[in-house]
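Hi,

Here is the structure I promised to pass on. Have a look at it first, and my notes come after.

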Amino acid sequence: MRVGILTGGGDCPGLNAVIRAAVRAADVDGLGELIGFKDAWRGVLEDSWEPLSIERCRGILPQGGTILGTSRDQPYQHPAGGKLVAAAMSRLGVDAIVAIGGEGTMGVLNDLHRDGIPVVGVPKTIDNDIAATEMTFGFQTAVQICTDAIDRLHTTAESHHRVLVVEVMGRHVGHVATWAGLAGGATITIIPEEPFDLAEISSRIVERHRRGRWASIVVVAEGAVPKPGTLDLEEPVIDRYGHQVLGGIGHVVAREIQLRTGIESRTTVLGHVQRGGSPLAFDRVLATRFGIAAIDAVHDRAFGQMVALQGGAIVRVPLSDVVGRVREVPADIRRVVRIFDPRAPL
Ligand code: F6P
């Protein structure tokens, strides 16, 4: 068999570990040859690819980013998207495609599967928001990067008796904010799942500082939204793929806290630093397991499936069970946050 592999959407630490593991598994299985499409679906449509071998993948396990490059281009931006992919596959003699990506990529795979194209999905995102998998690789690395930053912010916040607001990624949900807030001992954590009220947050900060705690750390996910009617926000910028360009809510939150409490407040936006650099050991291992599982699925001709982590085991789930859904921060983890951040009743 000849299998094409690609990485789509935003990058995250661990992508290279998946590619390396898939190449190794295909070799051990005797499945055949792997080729890597460059810059996601753009490489499929433009015949831009490279052969992948064990030799090519040497040394990439600890490397961040993706050796194949990525983009947000996707075939259904063209009306005949499915046909274009099928034609490219027959031109190159590719029998199946393994795509490593987030919710957008899983949606494309589901449509390709519907159009009769043999595909397998591997979930990735630092946001950890893909349905049907308990964890995506890249997430733990991002959480560690944020936790290290929060640890550093504590000492400067305490020296200056300030409120420091840390904005982290998390477009639809607040897994990164929640885990980093817990690990870093944040005073308040604001996530998209729970619209925030700055009056409530400010009075909690005032009360805390009155009790002699002279600094506060507020972690806010970039996709956090205020409770209706409590705060006016500017209209978001939309990129050429129709996605909202997030980033900036941290500045609004800090400005409002300072106005309402009189306590000096500053913002740190961690941004893309959360997606860069070498994956932690956990993410390398999860990515490796996913890469092998994806090749196993191709071997078993289990197309239209995404590999996933459930109950600590690697399983396959139909792509149709994944698309159009988002995995929110589970209630038990939110309760842990509330023990330390009792803004609302438990
Ligand atoms: O990968 C998901 C994510 O990190 C989101 O949290 C964030 O909103 C988005 O990517 C930003 O992506 P980019 O700036 O690369 O378009």
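Below is what turned up on cavities and salt bridges.

It's a predicted model, so to speak: local features need pLDDT of at least 70 and side-chain atom pairs count only at pLDDT 80 or more, while totals for chains, interfaces and linings use all residues. Numbering runs from 1 along each chain as its sequence is written, and side-chain values use heavy atoms, with hydrogens and water left out.

Cavity first. The search of the whole structure gives 1 cavity of 30 Å³ or more (a set of points on a 1 Å grid over the protein atoms alone where a 1.4 Å probe fits but cannot get out; lining residues have an atom within 4 Å of a point). The largest cavity holds about 70 Å³, the volume being the space filled by probe spheres set on points joined across faces, edges and corners. Of its 10 lining residues, Thr189, Ile191, Glu194, Arg334 and Val337 are the closest to the centre.

Now the salt bridges (a side-chain nitrogen of Lys or Arg within 4 Å of a carboxyl oxygen of Asp or Glu): there are 22 in the whole structure. Glu328 pairs with Arg334, with the closest N and O atoms 3.2 Å apart. Bridges with shared partners link Glu194, Arg204, Glu328, Arg334, Arg338 and Asp341 into one network.

Elsewhere, Glu50 bridges to Arg56 at 2.7 Å between the closest N and O atoms. Glu50 counts as buried because its relative accessibility is 13% (buried is under 20%, exposed over 50%, partly exposed in between, with a 1.4 Å probe and protein chains only), whereas Arg56 is partly exposed at 33%.

Cheers

Notes:
1 Å grid on protein atoms, 1.4 Å probe; cavity = no way out; pocket = protein on both sides within 12 Å on 5 of 7 lines; lining within 4 Å.
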